[in-house]
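Biologist: I am new to this structure and would like to learn how to read it. Could we go through it feature by feature?

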Amino acid sequence: MARILVIDDEANIRMMLRMALEKDGHTVAQAGDGPDGLDKFGDGSAWDLVLLDQRMPGMEGLEVLRQI
């Protein structure tokens with residue numbers, strides 16, 4: 001199964017994605033904003049997939065994607 005990082009500023013979306021993905025056997029971690037997502041992403045070796053919100057306050061998803 002996949003190791004998935006969900007980066008989204010909306011807690012309810014993170015929760016629903018986590019619940020659905022974990023039900024299918026995936027391991028899921030969550031981040032509530034871009035900087036936290038980058039910290040959790042690290043060098044990327046721990047993740048198979050990142051689900052990233054495009055519009056977030058502070059640091060938008062496209063900036064997070066550039067830094068990833």
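Predicted model: local features only at pLDDT ≥ 70, side-chain atom pairs only at ≥ 80, totals over all residues.

Biologist: Where is the place of methionine 15?

Modeller: Methionine 15 sits in helix α1, residues 11-23. Helices (H or I, at least four residues) and strands (E, at least two) are DSSP runs, numbered from the N terminus.

Biologist: Which residues make the nonpolar surface patch?

Modeller: Met15, Met16 and Met19 make a nonpolar patch of about 300 Å². Patches are made of residues with over 30% relative accessible area and no salt bridge; like charges are joined within 9 Å, and nonpolar side chains (Val, Leu, Ile, Met, Phe, Trp, Tyr) within 5 Å. Accessible areas come from the Shrake-Rupley method with a 1.4 Å probe, and for residues only the protein chains shown count as cover.

Biologist: How many salt bridges does the count come to?

Modeller: The general idea is that side chains of opposite charge can pair when their charged atoms come close. The rule asks for a side-chain nitrogen of Lys or Arg within 4 Å of a carboxyl oxygen of Asp or Glu, and the count comes to four salt bridges. One of them joins arginine 3 to aspartate 48, with the closest N and O atoms 3.1 Å apart. Arginine 3 lies in strand β1 (residues 3-7) and aspartate 48 in the loop between α2 (34-41) and β3 (49-52), so this pair ties together parts that are 45 residues apart in sequence.

Biologist: What forms a salt bridge with glutamate 22?

Modeller: That is arginine 18, with the closest N and O atoms 3.2 Å apart. Both lie in helix α1, four residues apart, which is about one turn of the helix. A further pair is aspartate 36 with lysine 40, at 3.6 Å between the closest N and O atoms; these two are four residues apart in helix α2, and therefore separated by about one helical turn.

Biologist: Which residues of α2 are buried?

Modeller: Gly34, Gly37, Leu38 and Phe41 are the buried residues of α2. They cover an arc of only 100° around the axis, so they are on the same side of α2; the arc is that of the directions from the helix axis to the C-beta atoms. Their cover includes β1, β2 (27-31), β3 and α3 (61-67). Just after α2, glycine 42 takes a positive phi of about 60°.

Biologist: Is isoleucine 7 buried or exposed?

Modeller: Isoleucine 7 has a relative accessible area of 0%, so this residue is buried. Isoleucine 7 lies in strand β1. Not counting residues up to four places away in sequence, isoleucine 7 touches several residues, among them Ala31, Gly37, Val50 and Val64; contact means heavy atoms within 4.5 Å. The C-alpha atoms of isoleucine 7 and valine 50 are separated by 7.4 Å, although the two residues are 43 residues apart along the chain.

Conventions
Residues numbered from 1 in each chain as written. Heavy atoms only, no water. Buried < 20%, exposed > 50% of the residue type's maximum accessible area, 1.4 Å probe, protein only.
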